[in-house]
Structure formats: structure tokens, C-alpha cells
Amino acid sequence: MNVAAHDAAVAKMFGRIAGVYDLGNHLLSCGIDLYWRRVLADTVRLGPTRRVLDLAAGTLDVALAVRRRWPEATVPALDFCPPMLRRGLTKLERRGERHILPVAADAKRLPLPDASVDCVTMAFGIRNITPRAEAFAEMLRVLVPGGRACVLEFGSGKERIWGGLYNWYLGSVLPRMGRICSGDASAYNYLSQTIRDFPGARELEEEMRQAGFARAWHRRLTSGIVCLHVGEKAGA
């Protein structure tokens, strides 16, 4: 499958499960996803623009977590699946939130000028992007000098986590629970496969360095089930 066809298929898949996406996240993680997003928001670092760009923003849970942690920030929230963003709009309306700005856009072609945001966040989205190097290059381009990219992603299925129990969960439990939650077996089979195929934490860290980040490191959460990857752009 070529890149354009892959992107279209992924956007269509997320559109199909948009209505149950939040419920699925909470159930499949036993609610720990709320903690993971708080850690992501805590890692944000504001600078001169007071803007935090949230990519793969989905139903806007990360954008809202960032605003709770950093109420002085404005959060452009971009996702290439409009139905996901539309689900998030109801959350903004309930909260009277006017500093989150949802926009349908591709993380590989950001509609933003160079050096226009202090920080970039992305949760559970980088593994769906092909090629990842283009997304990393765009993050680097829009960050101010010294800016930070904070990428939250599931640990690789190539690593033995909890003695292999994690891999069993990915292959057996996640697709079945996803099918029950959403009625869409193919979507959760895809999500399970992308986690199993995803590179290990150190490999992704090296990808960020190769993309041009001056510093890159990661932090394992919940025994490595999730990793928080951080890359910093060189200062002025």
C-alpha cells in the first residue's frame, strides 16, 4: 500500500470508531490513560509564543490536559480525521474552552510557519504515520529554538514487557475487547498490529536524533507499556 492509500485508510478507520474511541481507551487501559496524558502535559515546556501544538489530537483529551496544566497556553489541535475532532468539540463547548483551536491537518504537512510554537505534543499517533521522519521534520520546523516535542506512545510489542504478558494482551485481548467496544474488529486488529510492529524505545529515540533533534530521551511509564519520548530542538 502506498503512503497516500495508507493515510486515507487510517483516517477512514479512525472515523469509523470515533464515537467509541474515548470509551475504548478508558476500558482497554483500565483508566490509566488519564494518568499517561497528565504525565505528557506535565512534560510540556512553555516559551515565548505560549503555544503548544497538539498533533493527532483526536477527541482533544490531550489538548484539554495541556490547558488544565498550563492555563496560559493556547493549543492548536490538529488531526487528519475530522470525525475525531468533531467528537472533541462537544467537550470544548461544555467547558466553554476557547483556547483550543481544532484544525483538520496532516502532521506531515503542518499549516504553520517556522518557529511558531514552544512545544509539540502527540499521544498514540506517531505509530500511525508513514514515514515518521516527515512528521519529526515538521515538528522540528515549527518549534522555536530550544522547543520540545513530547510524544506518548505504546511500548513496542517487540520488547518483552511483564514477561510477555503484554504481548499476549496485544494479540488476544486487545482485538477482542476492541471488537466488543466498537463492533469494528478490523480497526482494533490494525491498532494491535501497529503496536506489535512499532520500534523499541531506543530505536525511536535514535530516529528523533536523526531527524535533527539536538537531544532525545525517553521515560517508561507503567513498566514500559507506554513510553514518553522527548526531543529538544537546538537553541538559538
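Strand β2, helix α5 (residues 82-95) and strand β3 form a β-α-β unit that is right-handed; a crossover has this hand if, with the strands pointing away from the viewer, the path from the first strand over the helix to the second runs clockwise. Helices (H or I, at least four residues) and strands (E, at least two) are DSSP runs, numbered from the N terminus. The model is predicted: local features need pLDDT of at least 70 and side-chain atom pairs count only at pLDDT 80 or more, while totals for chains, interfaces and linings use all residues. Residues are numbered from 1 along each chain as its sequence is written, and side-chain values use heavy atoms, with hydrogens and water left out.

**The chain as a whole**

- The chain has nine helices and seven strands.
- Of its 236 residues, 54% are buried; buried means under 20% relative accessible area, exposed over 50%, and partly exposed in between (1.4 Å probe, protein chains only).
- Among contacts with a separation of 6 or more, 72% come from residues 24 or more positions apart, where contact means heavy atoms within 4.5 Å.

**The sheet**

- The seven strands make an open sheet with mixed pairing, in the order β3-β2-β1-β4-β5-β7-β6.
- Its edge strands are β3 and β6 (215-221), each of which pairs on one side only; two strands pair if DSSP finds at least two bridges between them.
- On average, neighbouring strands of this sheet are turned by 15° against each other, direction ignored.
- Strands of a sheet pair through backbone hydrogen bonds, either parallel or antiparallel.
- Seven bridges link β6 and β7 (residues 226-232) in the antiparallel sense, and His218 stands opposite His229 in β7.

- β2 (residues 75-79) is mostly covered, with five of its five residues buried.
- In a regular strand the side chains alternate between the two faces of the sheet.
- In β2, Val75, Ala77 and Asp79 lie on one side and Pro76 and Leu78 on the other, and all are buried.
- β1 (residues 52-55) runs parallel to β2 and is joined to it by two bridges; Asp54 has Ala77 as its bridge partner in β2.
- β3 (residues 100-104) pairs with β2 in the parallel sense over five bridges, and Pro102 in β3 is the bridge partner of Ala77.
- β1, helix α4 (residues 61-69) and β2 also make a right-handed β-α-β unit.

**Helices α6 and α9**

- Helix α6 (residues 132-142) packs against helix α9 (residues 201-211) at an angle of about 55°, and their axes are 9 Å apart.
- Axes are lines fitted to C-alpha atoms, for helices over the stretch in contact, and angles run from 0 to 180 degrees between N-to-C directions.
- α6 and α9 are therefore oblique to each other: angles under 35 degrees count as roughly parallel, over 145 as roughly antiparallel, 65 to 115 as roughly perpendicular and the rest as oblique.
- Their crossing is right-handed; that is the term if the near helix is turned clockwise from the far one by less than a right angle, and left-handed if anticlockwise.
- At the contact, Arg132, Phe136 and Leu140 of α6 meet Leu204, Glu207, Met208 and Ala211 of α9.

**Gly19**

- Gly19 is in the loop between α1 (3-17) and α2 (21-28).
- Gly19 counts as partly exposed because its relative accessibility is 46%.
- Gly19 and Thr59 are 40 residues apart in sequence, and their C-alpha atoms are 9.5 Å apart in space.
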